[in-house]
Amino acid sequence: MPAPAKTSDAAILVAARRILEAHGLGALTMQAVAEAVGVRPPSLYKRFERREALLAALEADTLARLGALLREAARGRAPLAALEAQAHAFRRFARDNPHAYAQIYAPEAARGVEVDAARRAAVAPAMEALAGLVGADRALPAARTLTAYLHGFVSIENAGLFRLGGDVDEAFRDGIALILRGIETRDA
């Protein structure tokens with residue numbers, strides 16, 4: 001009879017997420033994760049064959065968490081209100097998880113069937129709301145416009161670069177209203 005597992009994939013991902021958010025991507029080593037879950041590194045390699053596999057699993061987990069927040073933000077709302085609520089949820093997620101957020105938008109972000117499926121699932125709630133607002137044929141271009149604004153804003157905010165004073169929350173609300181109004185009226 002084999003020995004019982006001393007950890008699980010879920011526990012490993014929780015530990016990896018904690019290390020990532022506390023110390024950044026550079027500190028996320030297989031050794032650090034193994035220590036955090038109380039196993040020796042060879043045991044970790046039985047579950048994730050290399051660091052890249054762990055990073056891809058962590059990225060897919062991050063995308064799933066973001067998608068769940070977007071889905072919940074849209075629940076019971078008309079498309080325009082859903083998109084506004086999703087924008088605020090997206091910003092909160094990026095602020096609360098700056099390193100995980102940066103990982104999913106990094107040039108070296110994981111590629112592959114599983115992570116690509118996680119990406120599509122994460123954006124599905126926004127795509128549904130956009131399709132309801134502008135039609136299915138315009139949803140993808142609209143999503144790209146909205147994502148460019150959101151990612152730019154939260155990346156600047158997370159880097160601490162809004163230093164000229166003023167109300168950053170108001171700027172975000174105004175920017176979202178302007179972008180969504182533009183998306184909504186583009187083809188009107």
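Tutor: A helix here is a DSSP run of H or I that is at least four residues long, and helices are numbered from the N terminus. The structure is a predicted model, and every value below is computed from it.

Start with the aromatic rings. Tyr101 and Tyr105 sit in helix α6, four residues apart, which is about one turn of the helix. A pair of aromatic rings is described by two things, the distance of the centres and the angle of the planes. The structure has seven aromatic pairs. In the pair of Tyr101 and Tyr105, the ring centres are 5.0 Å apart and the planes meet at 40°, so the pair is tilted. That label needs a cut-off: planes under 30 degrees apart count as stacked, over 60 as edge-to-face, and the rest as tilted.

The two residues can also be sorted by accessibility. Buried means under 20% relative accessible area, exposed means over 50%, and partly exposed lies in between. Tyr101 is buried, because its relative accessibility is 3%. Tyr105 is partly exposed, because its relative accessible area is 33%.

Rings also form a cluster, in which ring pairs link Tyr149, Phe153, Phe162 and Phe172. Phe162 belongs to the loop between α8 (136-158) and α9 (168-185). Its relative accessibility is 37%, so Phe162 counts as partly exposed.

A search of the whole structure gives 11 salt bridges. One of them joins Arg91 and Asp169, with N and O 2.8 Å apart. This pair links distant parts of the chain: Arg91 is in helix α5 (residues 79-96) and Asp169 is in helix α9, 78 residues apart. Arg91 is buried, because its relative accessible area is 6%, while Asp169 counts as partly exposed because its relative accessibility is 35%.

A salt bridge also joins Arg95 and Glu157, whose closest N and O atoms are 3.8 Å apart. These partners, too, come from distant parts of the chain: Arg95 is in helix α5, Glu157 is in helix α8, and 62 residues separate them. At 41% relative accessibility Arg95 counts as partly exposed, whereas Glu157, at 17%, counts as buried. Through salt bridges that share partners, Arg91, Arg95, Glu157 and Asp169 are joined into one network.

Another salt bridge is formed by the side chains of Arg50 and Glu52, at 3.7 Å from N to O. Arg50 has a relative accessible area of 40%, so it is partly exposed. Glu52 has a relative accessibility of 48%, so Glu52 counts as partly exposed.

Finally, return to α6 from the side of a neighbouring helix. The buried residues of α1 pack against α2 (30-37), α3 (41-47), α4 (51-74) and α6 (98-105). Those buried residues are Ile12, Leu13, Ala15, Ala16, Arg17, Ile19 and Leu20. Helix α1 covers residues 9-23, 15 residues, and reaches 21 Å from its first C-alpha to its last, close to the 21 Å expected at 1.5 Å a residue. After α1 comes Gly24, with a positive phi near 90°.

Terms used. Residues are numbered from 1 along each chain as its sequence is written. This is a predicted model: local features need pLDDT of at least 70, side-chain atom pairs count only at pLDDT 80 or more; totals for chains, interfaces and linings use all residues. Side-chain values use heavy atoms; hydrogens and water are left out. Helices (H or I, at least four residues) and strands (E, at least two) are DSSP runs, numbered from the N terminus. Buried means under 20% relative accessible area, exposed over 50%, partly exposed in between (1.4 Å probe, protein chains only). The expected span of a helix is 1.5 Å times one less than its number of residues. Contact means heavy atoms within 4.5 Å. Rings of Phe, Tyr and Trp (its six-membered ring) pair if their centres lie within 6.5 Å; planes under 30 degrees apart count as stacked, over 60 as edge-to-face and the rest as tilted. A salt bridge is a side-chain nitrogen of Lys or Arg within 4 Å of a carboxyl oxygen of Asp or Glu.
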